[in-house]
Amino acid sequence: MTTSSYASIRPLLWLVSLAIFMQMLDSTIVNTALPAMARSLGESPLQMQSVVFSYALAVATFIPASGWIADRFGTRRTFLVAIILFTLGSLACALAQTLHQLVGARVLQGIGGAMLLPVGRLAVMRSVSREEFLRAMSFIAIPALIGPLIGPTLGGWLVEVASWHWVFLINLPIGIIGYVAAMKIMPDHYAEHRTRFDIAGYLMLAFGMVVLSLALDGISGMATPHALVMLMTVAGLAALVGYWLHAANSTAPLFSLALFHVPSYRIGILGNLFSRIGSSAMPLLIPLLLQVGMGMSPMNAGLLMIPVAAAGMVSKRYAVKLVERFGYRRVLMVNTVLVGLAMASFIFMTPGQPVWVRVVQLALFGAVNSLQFTVMNTVTLRDLDRDFASAGNSLLSMVMMLATGFGAAAAGSLLAAFNHLDVAHGATAALHATFVCVGAITLTSTLIFWQLPDTRPSPRDVEEVAE
C-alpha cells in the first residue's frame, strides 16, 4: 500500500483508536471510584467486585459472537450499535440508584464493549494491505497503553471534584463523537462467504462461563446457599464438557479443538487463564487497600497507580531480549514466581510507610506483571498458522476477559472469607490475607508453564510475534 493510500485510512485508525481508548479508560477508571460508589449505594466497599465482574463477564460472553455478527450485518452497522450500547450503558450506570441496577447497566456496557475492539480491528484488517497491517495495528494500540495510565488518576479526580457518576458520564461525549465520526468514516465490510454460526456450541460455552463465574462470585455472598453454588459449579462444568464433546463432532465448531493440538497454544491459553486470575484481582484490591485500608483520598490513590502502568510500558520493551536470551519457558517460570511474590508483598504496605517505598513497590509489580502478559500472549499465538490465527486470537481474548471476571469474583470471595480478621487485627487484615492468596493462585500457573519446551526462538521470530 502506498503512503497516500495509508494516509487515506488514517481517519479510520483514529476512529478505532477513540473506541479503544473509551473502552480501556472505562476498564481502569472504575476501580478508583469503587469505595465512593459503595458509600453512595449503601454497600460494603469490600464487596463491590460485581461492578468489575459483571462487565468482564459480559465482554467474555459476547466476544465469540462479535466476529460473526460483523460478518453477517457489516462492520459499519455493528460498530455503530456497539457505540450506542456502550454509551447507553454508561448513562444507565450514572443513573443507577442501587448496586443491582449498576451491575445490570455494566452488563449492557459490556455487550457494547465486546464488539468495539474486535469489530474495529476487523475493519482495519480489511482496509489495509498486509504490508501496512503491523503499522496500522501499532497505531491503534497506543490508546490501550494510555487508558490504564490516566484512568485511575482521572477516576480519583472526578470522584473528588464532582461525584462517582462522572466516571461513567465522561463516556457520553466520547461516544457521541465516535458515533458521528463512524457514520462518515467506518467502512461497511461483509464476509466474502456466509458461514453458519455454531449456535449450539456458543450457548453451551456461554452458559458454562456465566454459571461458573456466578458460582465463584456466589461464594462471596453470605446469603447465597451453598447448595446453589455447588449446583451452579456442576452445571457450568457440565456445559463446558458438553461443548468439548460437541466441538469434537462438529464440522464447524465455534472454536476448533485442533487449536489445542498446538502445544504452545494449549499451554499458553491455560497459563493465561490461571495466571490472570490473580493478576486481575489486583486492580480491584490495590485501590481498596490504599483508600479503605490506608485512608488515602481517591485522587492520591489514583496517582499511585501511575507507576504501575508506567513501569509496565517500560518492561514491555525488554520482553523480546529476555525471551531471545533465556527462552519462553525460563522467562515465564521465573517471572511468574516474581509476580506471585510481588502480589504477596502488599502485606507489608502500611499507613506509616514512606511514599517512595510504595512507589517502588507498585512500579516493580507493574513491571513484572506487564512482562508476564506480553510473554504469555506471545507464546500462546506464535505457532498458530493462518487458518487458526483468527479463532485462536478470539479465544485468547475471551479467556483474558473471563479471567478478569474470575479475578474480581475471587477477590470478593476471599475478602468475604477473611472478613472476620478485620475485627481482630484491623481494617487491612482481610486485604493483606487476600493479597497472599491471589499471589499463591498466580504461583500455581508455574506448573503449566513448566510444560513448555526449553528452547530459544530466533530473534526474528520473537520480534514478529511480540510486535
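1. A residue counts as buried when its relative accessible area is under 20%. Ser-90, at 0% relative accessibility, is therefore buried. This is a predicted model, and the points below should be read as comments on a prediction.

2. Ser-90 belongs to helix H4. Once neighbours within four places in sequence are set aside, the contacts of Ser-90 are Gln-109, Phe-168, Asn-171 and Leu-172. Arg-266 is 176 residues from Ser-90 in sequence, and the C-alpha atoms of these two residues are 36 Å apart in space.

3. Thr-78 is also placed in helix H4, which covers residues 75-95. Its relative accessible area is 4%, so Thr-78 is buried. Apart from neighbours within four places in sequence, Thr-78 touches Ile-69, Ala-70, Phe-73, Met-115 and Val-119.

4. On confidence, the mean pLDDT of the protein is 85, and 91% of the residues reach 70 or more. Which elements have the lowest and the highest mean pLDDT? Helix H20 (residues 459-466) has the lowest, at 44, and helix H7 (residues 166-169) has the highest, at 94. The pLDDT is below 50 over residues 462-467, and this stretch has 10 contacts in the model beyond near neighbours in sequence.

5. How many salt bridges does a search of the whole structure find? The search returns 1 salt bridge. The partners are Arg-106 and Asp-26, with 2.8 Å between the closest N and O atoms. Arg-106 lies in helix H5 (residues 99-125) and Asp-26 in helix H2 (residues 10-41), so the pair ties together parts that are 80 residues apart in sequence. Both Arg-106 and Asp-26 are buried.

6. Two packed helices are described by the angle between their axes and the distance between the axes. For helix H14 (residues 319-344) and helix H18 (residues 429-443), the axes come within 7 Å and cross at roughly 175°. H14 is therefore roughly antiparallel to H18, because an angle over 145 degrees counts as roughly antiparallel.

7. The residues that make up the contact of H14 with H18 can be listed by helix. H14 contributes Thr-336, Val-337, Val-339, Gly-340, Met-343 and Ala-344. H18 contributes Phe-435, Val-436, Val-438, Gly-439, Thr-442 and Leu-443. By class, the contact of H14 with H18 has 8 nonpolar, 4 polar and no charged residues.

8. Met-349 sits in the loop between H14 and helix H15 (355-381). With neighbours within four places in sequence left out, Met-349 is in contact with Leu-289, Leu-290, Met-294, Arg-358, Gln-361, Leu-362 and His-432. Leu-421 is 72 residues from Met-349 along the chain, with 17 Å between their C-alpha atoms.

9. Helix H10 (residues 226-249) includes Ala-238. Ala-238 counts as partly exposed because its relative accessibility is 48%, and the partly exposed class ends where exposed begins, at over 50%. The C-alpha atoms of Ala-238 and Gly-74 are separated by 34 Å, and the two residues are 164 residues apart along the chain.

10. Leu-237 is in helix H10 as well. Its relative accessible area is 46%, so Leu-237 is partly exposed. Glu-132 is 105 residues from Leu-237 along the chain, and their C-alpha atoms are separated by 43 Å.

How values were computed: Residues numbered from 1 in each chain as written. Predicted model: local features only at pLDDT ≥ 70, side-chain atom pairs only at ≥ 80, totals over all residues. Heavy atoms only, no water. Helix = DSSP H or I, 4+ residues; strand = E, 2+ residues; numbered from the N terminus. Buried < 20%, exposed > 50% of the residue type's maximum accessible area, 1.4 Å probe, protein only. Contact = heavy atoms within 4.5 Å. Axes fitted to C-alpha atoms, helices over the stretch in contact; angles between N-to-C directions. Parallel < 35°, antiparallel > 145°, perpendicular 65-115°, else oblique. Nonpolar A, V, L, I, M, F, W, Y, C, P; charged D, E, K, R; others polar. Salt bridge = Lys/Arg side-chain N within 4 Å of Asp/Glu carboxyl O. pLDDT = per-residue confidence, 0-100.
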